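Here is a short briefing for a first look at this protein. Keep the sequence and the 3D view side by side as you read.

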Amino acid sequence: MFHAPNATGEGGEPSPIRLRALSLGAGVQSTTLALLAAHGEIGPMPDCAIFANTGWEPKAVYEHLAWLMSPNVLPFPVHIVSAGSIRDQLVQAGEGNRWASIPAFAKTVTPAGAEVPVLDMDDVGELVEVATRRTTTETVSIGMIRRQCTTDFKIVPIRRKIRELAGLTRKRSPSFPVVESWIGISTDEVVRAKPSFEPWQIKRFPLIEKRFSRRDCLAWLRRLGYPEPPKSACIGCPFHDSARWRNMRDYDAEAWADAVEVDRALRHGLRGIRGEVFLHRSCVPLDEADLSTAADRGQLDLFGNECEGMCGV
Ligand code: SF4
């Protein structure tokens with residue numbers, strides 16, 4: 001259950017909150033959140049919004065962000081922070097350099113007749129190799145690479161900016177909340193709403209307080225005559241479902257060509273990753289993947305894995 005904190009603390013005392021910062025992804029939910037605040041429908045008014053630029057958002061997101069930052073749209077400033085370009089880092093990763101891993105898919109093929117270890121537990125419960133055996137059939141395994149990009153490209157730069165704005169840079173953190181971070185998670189993604197584990201800040205999910213689903217956000221924006229925001233996420237985010245890839249292929253040729261190129265660059269040579277790497281969950285090259293509507297059936301929304309609520313909102 002989420003409650004809206006008051007401007008005053010317990011017993012009517014002034015609140016110790018010295019900064020209210022809205023995490024702006026420039027997608028549907030965070031745009032609605034910012035505009036709801038601008039209309040006074042959610043309060044108190046945030047002091048600012050912060051957009052973490054991964055350098056790899058579609059053009060439509062940057063255009064939408066420019067509109068949000070234009071005069072007379074939001075009554076508070078939007079700060080843009082960046083830890084560099086996720087795209088550039090990925091291309092360099094394809095050449096064997098260090099990278100902040102994205103949740104791409106790695107496919108490993110073990111041919112028939114290969115020698116593989118037989119594992120067992122030792123006395124202290126550790127897995128140890130006790131023998132080897134030869135495989136009789138070819139086995140293909142697909143796994144998702146551990147995601148580090150949201151932390152490196154969004155959470156860390158936003159947190160650094162928040163601490164700077166709250167006067168906490170290189171200072172000991174208070175043991176009570178002085179910052180309120182607003183995150184645009186809607187009721188249909190409530191599983192992504194996680195409390196802060198740091199005593200100096202609390203997270204707030206105003207769309208959940210207002211019982212707004214993504215559909216409610218769109219309806220509210222429409223009712224007030226606002227443009228529909230694009231879906232915000234990196235161009236080549238492996239969390240995209242086939243419908244999203246299809247939409248990119250059919251309506252954003254530039255972004256599609258870019259994603260196909262990066263997908264190809266990732267195929268071999270990623271440091272620390274065994275096997276071939278793909279952006280599409282089916283582990284085939286992006287421009288050969290089945291993106292038909294039939295492929296949509298039964299697809300999970302992988303953005304649910306991005307539980308910090310920084311991407312796709
Ligand atoms: S949109 Fe995807 S690739 Fe980009 S930071 Fe988020 S999880 Fe990583």
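Two strands count as paired if DSSP finds at least two bridges between them. By that rule, three strands form an open sheet in the order E7-E4-E10, with antiparallel pairing. The model is a predicted one. Its mean pLDDT is 88, and 94% of the residues reach 70 or more.

**The three-strand sheet**

- Strand E7 (139–144) and strand E10 (276–278) stand at the edges of this sheet. Each has a single partner strand, so one side of each is left without a neighbour in the sheet.
- From one strand to the next, the twist averages 25°.
- Strand E4 (residues 105–110) is joined to E10 by three bridges, and the two run antiparallel.
- Which residue in E10 stands opposite Phe-105? The residue is Phe-278.

**The five-strand sheet**

- Another open sheet has five strands, in the order E3-E2-E1-E8-E9. Here the pairing is parallel.
- Its edge strands are strand E3 (78–82) and strand E9 (201–204). Each of these pairs on one side only.
- The twist in this sheet averages 30° from one strand to the next.
- Strand E1 (residues 19–23) pairs with strand E8 (residues 179–182) in the parallel sense, over four bridges.
- Ala-21 has Ser-181 as its bridge partner in E8.

**Helices on the five-strand sheet**

- Helix H1 (residues 28–38) packs on the sheet, where it touches E1, strand E2 (48–53) and E8. The direction of H1 makes about 145° with that of E1.
- H4 packs on the sheet too, touching E1, E2, E3 and E8. The direction of H4 makes about 145° with that of E2.

**Around the ligand**

- How many residues lie around the ligand? There are 15, and Cys-149, Ala-233, Cys-234, Cys-237 and Cys-311 come nearest.
- Helix H4 (residues 149–165) gives the largest share of this shell, four residues.
- By class, the shell has ten nonpolar, two polar and three charged residues.

**Domains**

- The protein is divided into domain 1 (10–102 + 145–305) and domain 2 (105–144).
- The C-alpha centres of domain 1 and domain 2 are 37 Å apart.
- Ten residues of domain 1 are in contact with six residues of domain 2.
- On the side of domain 1 that touches domain 2, six residues are nonpolar, one is polar and three are charged.

**Backbone details in two loops**

- Where does Ala-26 lie? Ala-26 is in the loop between E1 and H1. Phi of Ala-26 is near 70°, a positive value in a residue other than glycine.
- Pro-44 is found in the loop between H1 and E2. The peptide bond from Gly-43 to Pro-44 is cis, with omega near -10°.

- Over residues 1–7, pLDDT stays under 50.
- For residues 1–7 the model has nine contacts beyond four places in sequence.

Key. Residues numbered from 1 in each chain as written. Predicted model: local features only at pLDDT ≥ 70, side-chain atom pairs only at ≥ 80, totals over all residues. Domains from an automatic or database assignment. Contact = placed C-beta atoms within 7 Å. Nonpolar A, V, L, I, M, F, W, Y, C, P; charged D, E, K, R; others polar. Near = placed C-beta within 6 Å. Axes fitted to C-alpha atoms, helices over the stretch in contact; angles between N-to-C directions. pLDDT = per-residue confidence, 0-100.
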